[in-house]
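Hi everyone, thanks for coming. Let me bring the model up on the screen, and then I'll walk you through a few spots in it.

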Amino acid sequence: MITDTDIDGLLQFIHASLNSPETVDEDLMRDEAVAYNDMCFEVNSQLTTAARLIDRGLRDDAVALAGRDGELLTLYEKLDFPEREVWIELVDAFGLPKPPELDEDAAAKLNIAYAVLGDLQALLSKHRLFALARVPLQHRIRILNELAQQDPENPLWQSDAEKFQQARLTQLAGEIARAASADDIEALTEIQQELAGCRWWIPIPPKLAAQVRTAVAINQQRQWIDQIRTAGERLQIAYSEFDLATGDPLADSIRTLAANATLMPDDPLMLEIAPALQWVDEQRAAIESDRQDQIKIDNLERILSRSDASHEDVQRVFDKAKLIGTRLPAPLRQRAQERLASFEMIARRRTMMIVSAAVLLLAMIGSAAGFAIIHSRHETAMELVESRFQEMIENEQWAEAQAFYDKQTPAAQGRPAMQAGAVTVWAGTKDEQERAEKFAAILEQLKADDGHEPNDSLLNQLKSLSKTKPDELAVLDQENIAAKKRAAIQQKLATEQRLQFGELKSQVDAAIGQSGTDRRQAIDSAFTATKRMLAAVHSTAPELGYELKGLERILEREIAKDQAANMRRLELDKISRGVGDPETYVDLIRQFVDRFPNDPMASELAQTSQRIAEWELVANWNEVIGSSVCQDPHSATPEEAQAWLKRLDAAISADGNHCLAVVPKQRRAEIERISKRSQAIESLQRLAASEQLDPWFVYSQNGLRYYSPSNPEHLESDANTIAYVVDASFLQRPKLFNRSDFQNEIRPNAYLAGQSAFGDQFRQISNRMTPKRFSEDCYRILNTLHQTPETRIDPIFKLILFRHLLATMLPASHSLDEAFGNFSRQLTEDAFRWNTDWITLRPESHVDETRQAASALLKQLDNWSERVEQIKRVETESQFAKVPTLRWVGWMAKTDDHWTARMASPTKADLGVVRHSGTTSVFRSIGNGGGGPNVAVDHVEAHQAGLPVYAVEQSD
């Protein structure tokens with residue numbers, strides 16, 4: 001397991017190597033490159049496992065594997081550092097193996113899983129709450145559909161929804177029948193909306209859909225007709241009282257309801273209220289006619305009140321208004337006529353003015369020729385004035401241009417070019433004024449700024465606005481002020497750097513004086529700070545550079561001195577990375593012994609590495625215990641139970657006396673029962689489908705029972721012949737009865753055989769049986785048979801059925817075996833004539849004797865309630881507690897006469913070791929993990945270098 005300490009220390013080395021590749025120790029480089037590669041392989045392996053779980057729909061398990069707070073993705077991000085490609089090039093330059101590409105796709109898939117799980121949290125909480133509260137199925141189905149929609153990659157939601165919907169369809173058949181008989185249209189509509197509005201993963205039976213549609217239609221039709229009848233009565237009252245305000249909406253409502261109910265006009269109900277409906281229509285038509293006439297009057301008044309209305313508009317509106325005849329008010333008619341007359345008078349005057357204007361134009365043409373010569377000379381002079389004015393504008397001489405314009409005559413000023421130029425001058429003058437004001441405002445801001453740092457932003461704005469000589473002088477003054485501020489800052493910085501140098505020397509001294517795991521980080525931090533300060537003082541305090549170089553050399557010597565110690569620590573850390581994988585662990589121990597043959601632990605580690613078989617035994621038994629089958633047998637499927645039993649047999653074959661074997665052996669019997677349930681269910685389903693439990697009807701005559709497949713309700717009215725079963729081979733023959741006896745006594749008293757009634761319920765239960773509900777469903781079958789009276793079922797056949805059922809059920813159910821085991825064994829051992837032909841009609845004395853013996857044996861079941869209580873007691877006592885498992889988290893090491901557990905996976909759980917001696921093994925507790933990377937261990941039996949250390953953990 002990769003720890004933050006491992007990866008942070010490794011990344012520190014990588015960054016230091018990238019910063020100073022020329023100083024990297026080749027051996028250390030090889031070790032760190034291998035360590036980084038191992039981390040990449042491990043993270044990729046976990047990412048791949050998580051991705052597979054996600055693909056199987058087990059998103060919760062994937063997130064649990066990766067850590068609820070995203071620990072695996074955090075490791076992925078750290079390993080995928082920005083300079084990774086540069087590191088790979090450096091590794092390649094040293095001729096070392098390159099790291100694998102990080103599994104980006106799996107990481108992305110895991111990241112999406114975290115996001116989806118967060119989005120689904122509210123729905124998941126509601127799903128669990130609904131399950132605990134046993135909320136009706138339709139609401140639980142809605143939540144499952146929402147989960148399936150928002151999480152389409154998880155097939156579990158659809159699977160659960162299908163099961164719930166199957167059960168819901170069974171419920172709906174009864175609900176529809178009850179609602180229809182009660183005329184509950186609201187309930188029927190809700191059911192119809194449920195069938196139409198809900199997403200159904202399984203096909204809705206056409207018969208069910210048709211049933212609800214028909215029920216809704218019938219009840220809706222009845223409801224609509226009742227509503228029409230009630231509304232019709234109210235409309236008749238409104239008609240008699242001439243109350244249109246009440247009758248108008250009632251008429252609309254009746255017509256809508258009639259359309260829904262498809263009632264024709266000649267329907268007696270509609271004929272009864274037809275006069276009232278016709279009256280409403282007539283009143284509406286009269287009101288609409290009055291409204292249209294009023295609109296025409298209003299339009300005429302509006303057009304006459306407008307002074308800008310044209311002759312054509314007034315004439316058009318007046319023509320429409322005249323259509324209403326005498327209803328048009330006389331004063332309004334007179335106003336319109338007078339307005340139209342005034343339009344005609346104005347038209348006559350306009351004609352006279354056009355004629356006068358034509359005469360005047362001919363007189364003016366004669367005098368125009370002389371005026372053209374004088375105008376040409378004047379135009380040349382004006383063009384010179386305009387040219388000078390335009391030149392001033394182009395040079396932005398706004399004041400001069402304004403003065404020049406003011407000197408001109410009004411005629412010159414009125415020329416278009418001069419007027420356009422005057423506008424430009426006005427705008428330019430305004431812009432110049434705004435620039436000067438802005439320049440002055442920024443200058444005042446700079447003068448008022450008494451801060452220690454120059455305001456370069458304002459100074460740049462001032463430069464951009466500078467235009468005149470005074471402006472340039474003002475800018476120069478501000479630049480001098482800014483330069484002085486920068487010099488002061490530089491001086492202050494040099495003083496601060498001298499102080500920082502003193503602090504850095506103290507930091508270096510403190511780092512060199514440290515010991516333990518913090519020493520390397522402290523020296524690296526001081527070395528980084530020295531490098532950073534060297535770069536910073538280059539331009540501000542060059543004299544400090546010489547002293548900083550001295551500190552740098554001291555730190556380099558300390559780093560080199562620590563490298564030798566770090567190499568040993570790194571090799572020990574490598575051994576920790578093999579924890580959990582016996583073969584890898586042994587290989588890493590042997591690598592350490594080969595590299596450090598004189599190390600105090602080398603000899604003992606070499607001996608310990610020979611005991612790999614012991615660790616594999618612990619791993620095998622831990623796998624058996626940690627399985628969900630062992631932890632919670634009742635939640636296991638028969639297939640899972642069978643697979644677990646094979647693993648258990650393999651573990652027992654390797655070491656049946658192991659200290660971890662106790663609980664699995666205790667739970668074996670129950671898990672063996674569970675493993676047989678699929679086969680038992682199949683056997684029960686075959687028995688339920690047997691011919692003996694088909695629908696058989698009993699026709700009795702003279703104390704004899706004739707078992708027949710003929711349903712008395714389906715026989716012809718004058719029938720007196722049936723097919724009946726001759727013997728236990730179920731061979732059928734016809735039986736002719738006296739017609740009178742058959743019709744009056746035999747047929748009316750015929751009934752469905754008890755075994756057939758039982759068989760119907762037996763088939764329903766067995767077809768829905770699941771391994772997890774096995775004992776409960778089996779009890780229901782047994783109880784159904786027990787409650788079948790002997791007057792309806794032959795005692796011999798009832799006992800035969802009990803014998804078959806118990807022989808099939810008991811090997812797969814502990815609680816049933818406790819309750820019925822003695823009875824079942826008695827049936828097996830009793831000298832009962834099981835081959836007796838209980839169907840035969842032949843008078844044989846041994847049949848009656850066997851029947852009496854069967855009744856006597858069945859009497860033993862009279863204490864049924866006691867057996868039920870025994871089942872409940874056993875079920876309660878059979879609840880299995882979670883079993884702690886051992887997780888390999890570290891190994892024993894010795895440093896300076898101190899024994900510690902080096903933790904590959906720090907934990908706060910209790911720790912222990914497994915010691916083997918000959919054919920026995922024992923687990924010894926050595927204290928609590930405490931959550932740290934190293935745990936001091938005083939227990940003498942744990943003092944063996946390389947001995948695996950296990951965490952005792954409770955399974956979820």
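Let's start at Ile 523, which is buried, with a relative accessible area of 1%; buried means under 20%, exposed over 50%, and partly exposed in between, using a 1.4 Å probe and protein chains only. Ile 523 sits in helix α22, residues 517-536. Helices here are DSSP runs of H or I with at least four residues, strands are E runs of at least two, and both are numbered from the N terminus. The C-alpha atom of Ile 523 is separated by 5.2 Å from that of Ala 511, 12 residues apart along the chain.

Before I go on, a word on the source: this is a predicted model, where local features need pLDDT of at least 70 and side-chain atom pairs count only at pLDDT 80 or more, while totals for chains, interfaces and linings use all residues. Residues are numbered from 1 along each chain as its sequence is written, and side-chain values use heavy atoms, with hydrogens and water left out.

Next, Gln 165 in helix α9, residues 155-181. Is Gln 165 buried or exposed? It counts as buried because its relative accessibility is 0%. What does its side chain reach at 2.8 Å? That is the backbone nitrogen of Trp 201, a polar contact, meaning a pair of N or O atoms within 3.5 Å, where within protein one must be able to donate a hydrogen and the other to accept it, and residues adjacent in sequence count only if both atoms are side-chain atoms. Leaving aside residues up to four places away in sequence, Gln 165 touches several residues, including Ile 141, Asn 145 and Trp 200; contact means heavy atoms within 4.5 Å.

Finally, the cysteines. Cys 659 counts as partly exposed, at 24% relative accessibility, whereas Cys 778 is buried at 0%.
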